Protein chains: 2
Amino acid sequence: LNQPPLTIAICGLGTVAQGVLALLKRNESLITQRAGRPIQVAAVASRTARPEVDLLGAEFSTDVRSVIEKPEVDLVLELIGGETLADELVRDALLRGKHVVTANKAIIAHHGDDYLELARARNLAFAFESAVAGGIPVIGALTRGLAANQINWIAGIINGTSNYILSEMADNGQSFAAALKQAQELGYAEADPTFDVGGIDAAHKLTILAALAFGMSMNFDAVYTEGIEALGGDDIEYARQLGYRIRHLGIARRSERGVELRVHPTLIPQQQLLASVDGVMNAVMFNSDAAGDTLYYGAGAGAGPTASAVVADLIDIAAGGAQRGVVAGQSPTVDVIPVEQTQSGFYLNIPSLDQPGVFARAATILSDHGISIDAVIQKEHPAQPDTEHAWVPIVILTHPVSEGVMNDAMAQLQAMPEVVDTIKRIRVEHFG
Amino acid sequence: LNQPPLTIAICGLGTVAQGVLALLKRNESLITQRAGRPIQVAAVASRTARPEVDLLGAEFSTDVRSVIEKPEVDLVLELIGGETLADELVRDALLRGKHVVTANKAIIAHHGDDYLELARARNLAFAFESAVAGGIPVIGALTRGLAANQINWIAGIINGTSNYILSEMADNGQSFAAALKQAQELGYAEADPTFDVGGIDAAHKLTILAALAFGMSMNFDAVYTEGIEALGGDDIEYARQLGYRIRHLGIARRSERGVELRVHPTLIPQQQLLASVDGVMNAVMFNSDAAGDTLYYGAGAGAGPTASAVVADLIDIAAGGAQRGVVAGQSPTVDVIPVEQTQSGFYLNIPSLDQPGVFARAATILSDHGISIDAVIQKEHPAQPDTEHAWVPIVILTHPVSEGVMNDAMAQLQAMPEVVDTIKRIRVEHFG
């Protein structure tokens with residue numbers, strides 16, 4: 001503990017940065033003990049006015065570039081958010097020989113290969129435990145805890161906003177719009193919720209997990225991404241009747257042909273642990289060759305949990321752990337499998353005229369494509385019996401089939417004259 | 001990767017050691033990449049005859065002491081099990097300047113303070129990820145992932161045998177004896193199941209988790225330990241009716257007065273994630289000041305999961321991580337709170353004669369002790385209506401109360417002339 005401190009500069013002074021400062025202060029002695037030396041904040045920079053927070057004696061500046069130029073700074077903690085300036089800061093800091101810690105999943109998912117390469121070449125740490133699943137140490141699980149394992153697949157609830165909305169829709173019968181509004185009022189969703197409910201945020205995180213699990217490049221553009229906006233309360237209710245819950249999952253699966261990367265709503269059996277993860281909580285499951293299934297659960301956002309992960313990185317770097325176990329980008333030959341070539345079961349919600357023989361014709365189309373039916377819900381009475389064209393939902397659960405085959409079958413189903421509106425489909429996964 | 005290998009000796013050649021050898025072989029290139037250098041097995045020793053397994057070119061000996069004397073050995077992997085010889089080997093190896101990895105929770109729970117002290121003084125690693133919760137990296141979560149946090153409490157399903165038996169009793173209506181027999185047939189329970197169903201194994205693991213979480217000494221003797229042998233199918237059914245499941249938990253909770261350490265059957269609300277952990281699986285939940293609640297789930301035993309954790313330790317040590325973040329024994333002033341001074345809710349199953357006024361008298365005894373009742377199940381009809389002394393179970397759930405007060409109340413309840421048999425009580429926890 002008589003070693004020189006790890007000297008850090010913090011760029012950004014929003015919620016997470018304030019959480020980091022508060023945590024470094026509250027648990028100072030414990031953190032010093034675990035790091036083997038003190039962690040000293042030399043400088044804090046924020047483009048906006050300084051809030052009334054304890055900077056632990058650090059200099060304050062509104063010039064975020066200036067702090068990374070300081071020779072005494074060993075490590076830059078990038079917490080300004082956004083993409084362009086954050087990307088420049090991370091590159092600059094690494095080029096100047098500083099370790100970098102960041103919570104910015106967007107820039108990692110886009111440029112993480114560059115950062116890791118810059119860091120490797122200089123024997124620097126580039127650490128980002130807080131970028132995925134907040135306070136849950138899933139990066140550590142991949143890089144250390146499961147380091148001896150080949151990862152077979154990843155399935156994660158990695159966007160708390162979407163999970164909160166789905167939980168509210170299922171448990172309290174709210175519509176998507178009402179649940180989203182409530183999430184916004186509670187601070188769980190942004191004013192512009194597109195990144196969360198559209199699946200982009202989850203795709204950023206899945207990109208990072210897959211790179212670490214499979215040694216592949218950060219391949220955000222190859223992630224098939226679908227959000228939860230189109231889900232109706234009826235889908236959630238039918239799923240329940242069939243023994244499933246709908247969760248918004250990030251899924252990455254390795255096979256001999258490459259790696260599947262997809263983010264979409266998914267029916268999972270009610271009795272699976274992932275189905276019990278409610279509200280804003282996150283959970284990530286890894287299936288690996290030696291450890292089997294392991295699952296990690298906790299808060300995926302918020303100042304405290306995010307600061308917990310950021311300071312874990314600081315402690316690790318202070319104690320000498322530079323980029324240990326990070327294999328991202330080291331297996332450049334890994335291919336991404338197009339989503340059309342992936343397999344899953346499907347839930348189909350087919351709005352049809354209430355006429356005889358419709359179900360039989362739909363079943364024939366599926367059968368002609370070699371798709372077998374697992375379960376069916378057929379309402380006896382039309383959903384809107386008073387309208388001119390009374391229709392009923394035909395709900396079908398299929399066994400696993402390649403998505404390309406299902407696309408062909410869907411086109412024929414949709415073209416049936418009795419089908420009155422767009423067919424909804426949701427993938428089904430059983431995970432082993 | 002041109003660095004010299006980490007050279008190891010393996011003492012023991014049972015299931016886990018064979019799993020380690022198989023894993024080192026199967027994932028050799030990945031392990032070398034993550035460790036930054038090869039892991040080479042120089043010697044394997046076992047007191048019994050050599051089984052037909054690939055020793056990866058290592059020398060074999062039946063003299064387990066001889067292999068730790070080899071000067072080229074950097075690390076001794078202790079997997080012989082048992083206590084006396086294993087303890088001697090670990091001490092000897094550390095005294096000779098070898099790193100030590102072990103899966104032996106019993107010797108760590110009893111002598112871990114000594115081992116860590118010997119290792120610290122010599123700047124050696126003493127690592128034991130596999131000793132708690134098998135393939136789930138919970139030691140890593142405490143020492144790395146949550147390193148910035150004060151841990152408030154731990155609650156864990158850390159004995160797969162007990163959890164399997166409780167799951168079978170609840171889901172398939174089996175008796176304790178029948179479920180135990182089935183567990184033995186499936187290889188989930190030993191011929192002598194005392195350590196598992198009596199709670200000793202869980203107490204070993206809780207000792208280790210608490211030492212890492214709270215910086216306290218390994219304090220096995222201070223753990224209050226109760227097994228699952230006395231649980232009846234009726235208790236599990238009444239718990240279900242009240243909205244709870246019974247799980248065998250290890251619980252450690254920090255307060256200003258010290259740390260509670262207890263292992264016992266516990267009613268937990270059905271909707272909590274821990275209640276959904278079924279079969280032989282393990283799960284550990286930590287509540288900490290920054291990250292909040294995090295939970296870690298997976299297989300707690302078996303050759304593959306245990307080998308996963310053992311090899312994770314080997315990789316970590318090969319990469320230079322000697323005893324990072326381990327604070328066990330560094331806060332010697334932590335007191336253990338006697339179980340009489342701990343608080344919890346209680347489930348009481350009071351077998352009583354079916355006479356008027358019995359429930360009122362029992363309720364008065366509780367009330368006189370300041371114990372308030374949360375819920376009651378009172379059967380209208382006797383459980384055994386044809387016997388001479390027809391009796392009914394009075395099932396009461398109480399709000400939290402100190403255990404000492406409950407002990408006094410229990411003595412008075414038991415002394416009621418209408419109570420025909422021993423009252424069963426099970427603690428109730430809600431975890432926040």
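Author: Gladly, and let us begin with Ala133(B), which is buried with a relative accessible area of 1%. This is a predicted model, where local features need pLDDT of at least 70, side-chain atom pairs count only at pLDDT 80 or more, and totals for chains, interfaces and linings use all residues. Residues are numbered from 1 along each chain as its sequence is written, chains are lettered from A and ligands numbered from 1 in the order in which they are written, and side-chain values use heavy atoms, with hydrogens and water left out.

Reader: Why is Ala133(B) called buried?

Author: Buried means under 20% relative accessible area, exposed over 50%, and partly exposed in between (1.4 Å probe, protein chains only). Ala133(B) has 1%, so the residue is buried.

Reader: What is the phi of Ala133(B)?

Author: Phi is near 60° there, a positive value in a residue other than glycine. Most residues other than glycine have a negative phi. Ala133(B) is found in the loop between strand 6 and helix 6 (138-145) of chain B. Helices (H or I, at least four residues) and strands (E, at least two) are DSSP runs, numbered from the N terminus.

Reader: And where is Ala133(A)?

Author: Ala133(A) lies in the loop between strand 6 (126-127) and helix 6 (138-145) of chain A. Its phi is positive too, about 60°, although Ala133(A) is not a glycine. With a relative accessible area of 1%, Ala133(A) is buried.

Reader: How do you know how many disulfides the structure holds?

Author: A disulfide is a pair of cysteine sulfur atoms within 2.5 Å. Over all chains the structure holds 0 of them. As for individual cysteines, Cys11(A) is buried, with a relative accessible area of 0%, and Cys11(B) is buried, also at 0%.

Reader: What makes strand 1 of chain B count as mostly covered?

Author: 6 of its 6 residues are buried. On one side sit Leu6(B), Ile8(B) and Ile10(B), on the other Thr7(B), Ala9(B) and Cys11(B), and both faces are covered.

Reader: How do you know which strands pair with strand 1 of chain B?

Author: Two strands pair if DSSP finds at least two bridges between them. Strand 1 and strand 2 of chain B share 6 bridges in the parallel sense, so they pair. Leu6(B) stands opposite Ile39(B) in strand 2 of chain B. Strand 1 and strand 4 of chain B run parallel and are joined by 4 bridges, so they pair as well. There, Ile8(B) has Leu75(B) as its bridge partner.

Reader: What makes strand 3 and strand 6 of chain B edge strands?

Author: The open sheet of 6 strands in chain B has the order 3-2-1-4-5-6, with parallel pairing. Strand 3 (59-61) and strand 6 (126-127) each pair on one side only. Strand 2 (residues 39-45) of chain B is joined to strand 3 by 3 bridges, and in strand 3 Ser61(B) is the bridge partner of Ala45(B).

Reader: Why is Ser167(B) called buried?

Author: Its relative accessible area is 5%, under the 20% limit, so Ser167(B) is buried. Ser167(B) belongs to helix 7 (residues 160-172) of chain B. Leaving aside neighbours within four places in sequence, Ser167(B) is in contact (heavy atoms within 4.5 Å) with Asn172(B), Arg247(B), Asp278(B) and Gly279(B).
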